[in-house]
Amino acid sequence: MSTALNGAVAKQDPGREYVLTDKQFSLIATLVRSEAGINLTEAKRDLVYSRLVKRLRRLQVPDFGAYIEYVGSASGNEERRELISAITTNVTNFFREPHHFEHLGGAVMPVLAERLKRGESVRMWSAGCSDGREPYTIACTVLQAFPEAARYNLKILASDLDHNSLEKAKEGRYSAEMVSRMPPAIRDRYFKRVGDSGEASQQLRDLIAFRFLNLLNDWPFKQKFDVIFCRNVLIYFEQDLQAQIFSRFCSVLKPGGHLYIGHSERVSGPAMKDLRQIGITSYRHEPTGGIK
Ligand SMILES: C[S@@+](CC[C@H](N)C(=O)[O-])C[C@H]1O[C@@H](n2cnc3c(N)ncnc32)[C@H](O)[C@@H]1O
């Protein structure tokens with residue numbers, strides 16, 4: 001590994017262990033944008049430094065130049081995944097933005113339950129599920145509204161591109177502080193107490209399939225979705241890319257299906273004509289040409 005990529009040195013805290021030059025920051029930003037869609041503006045420079053410095057120490061590489069060279073090399077595939085994992089923001093919570101779950105349980109599930117009873121299938125997607133608290137909340141909401149759901153053809157796909165978060169989601173074990181964010185009756189019904197932690201019950205797990213999926217790549221779905229949660233994910237993407245993803249959501253959302261997005265996100269681009277806003281961050285798919 002060489003240190004040839006140091007380039008011009010930007011303003012840097014002299015007490016810092018490593019130097020991150022403008023050129024190195026720009027190379028990292030380009031890689032992250034092309035691999036994950038995440039837009040790293042100059043304002044994210046300190047965040048990039050603090051998240052990646054741990055990787056440099058761990059790998060014992062001498063500087064950012066050597067790290068970038070390694071990540072770009074044939075043997076750096078694994079580290080590229082670690083880099084993306086380190087850069088992604090995985091903040092999440094049980095029942096985050098509770099109005100979405102009130103709407104799902106109170107207005108959407110009664111209709112979907114009737115469809116399930118008629119033998120139809122129902123599909124939900126938590127796109128950018130982080131450590132699983134969002135899809136487990138969806139599963140709790142489904143079961144609260146329709147306790148027999150597991151006997152019918154209902155599945156929740158939970159996907160993320162950060163393999164570390166996805167491992168935690170599959171494990172389904174959360175600290176006492178995390179589970180304390182749930183209404184106690186729901187926590188006690190759907191989570192097993194293991195020491196101080198809470199572990200998702202089999203009943204919840206049976207409804208969810210966890211998968212690695214990068215929103216930038218192909219979406220290999222056989223069926224369309226009735227409900228999509230993609231919250232606090234696209235906010236990290238540039239406007240054009242957000243608009244493209246919203247259009248792709250329309251292409252995999254059934255007419256009449258629902259899309260929930262994050263509190264500081266808004267649907268943009270051509271999808272706006274097919275997604276009717278029914279709440280601040282809730283949309284109903286009403287494709288031009290009407291609902292069949
Ligand atoms: C802030 S978390 C949001 C978690 C959850 N949706 C919520 O609102 O609580 C954003 C998640 O999006 C994932 N993500 C970012 N870029 C992605 C991409 N290109 N494809 C799939 N997931 C992505 C991150 O790994 C992270 O787990």
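**Where the parts meet**

Mentor: Between domain 1 and domain 2 the count is one salt bridge. Please keep in mind throughout that this is a predicted model.

Trainee: Which residues belong to domain 1 and which to domain 2?

Mentor: The domain assignment of the protein places residues 22–87 in domain 1 and residues 98–285 in domain 2. Taken over C-alpha atoms, the centres of domain 1 and domain 2 are separated by 30 Å, and the contact draws on 12 residues from domain 1 and 10 residues from domain 2.

Trainee: How is the size of an interface often given?

Mentor: It is often expressed as the accessible area that is lost when the parts come together. Here, domain 1 and domain 2 bury about 910 Å² between them, and 52% of that area is on carbon and sulfur atoms.

Trainee: How many salt bridges are there by this rule, and how should I read one?

Mentor: The rule looks for a side-chain nitrogen of Lys or Arg within 4 Å of a carboxyl oxygen of Asp or Glu, and by this rule the count comes to 23 salt bridges. One of them joins Asp 22 to Arg 45, with the closest N and O atoms 3.2 Å apart. Asp 22 lies in helix H1 (residues 22–36) and Arg 45 in helix H2 (residues 45–59), so this pair ties together parts that are 23 residues apart in sequence. Another salt bridge is formed by Glu 238 with Arg 33, where the closest N and O atoms are 3.8 Å apart.

Trainee: At what angle do H2 and H4 pack, and which residues meet there?

Mentor: The axes of H2 and H4 are 9 Å apart and pack at an angle of about 145°, and H2 passes H4 in a right-handed crossing. On the H2 side, Val 48, Arg 51, Leu 52, Arg 55 and Leu 59 meet Glu 79, Glu 82, Leu 83, Ala 86 and Ile 87 of H4. By class, this contact has six nonpolar, no polar and four charged residues.

Trainee: What is the angle between helix H3 and helix H4?

Mentor: Helix H3 (residues 64–72) and helix H4 (residues 77–87) pack at about 115°, their axes being 7 Å apart. Tyr 67, Tyr 70, Val 71 and Gly 72 of H3 make the contact with Glu 79, Arg 80 and Leu 83 of H4, and the classes are four nonpolar, one polar and two charged residues.

Trainee: Where do the axes of H5 and H6 come, and how do they cross?

Mentor: The axes of helix H5 (residues 98–117) and helix H6 (residues 133–145) come within 9 Å and cross at roughly 35°, in a right-handed crossing. The residues in contact include Phe 101 and Leu 104 of H5, together with Ile 138 and Val 142 of H6. The contact of H5 with H6 divides into six nonpolar, three polar and no charged residues.

Terms used: Residues numbered from 1 in each chain as written. Predicted model: local features only at pLDDT ≥ 70, side-chain atom pairs only at ≥ 80, totals over all residues. Heavy atoms only, no water. Axes fitted to C-alpha atoms, helices over the stretch in contact; angles between N-to-C directions. Helix = DSSP H or I, 4+ residues; strand = E, 2+ residues; numbered from the N terminus. Left-handed = near helix turned anticlockwise from the far one by under 90°. Contact = heavy atoms within 4.5 Å. Nonpolar A, V, L, I, M, F, W, Y, C, P; charged D, E, K, R; others polar. Domains from an automatic or database assignment. Buried area = accessible area lost by both parts, 1.4 Å probe.
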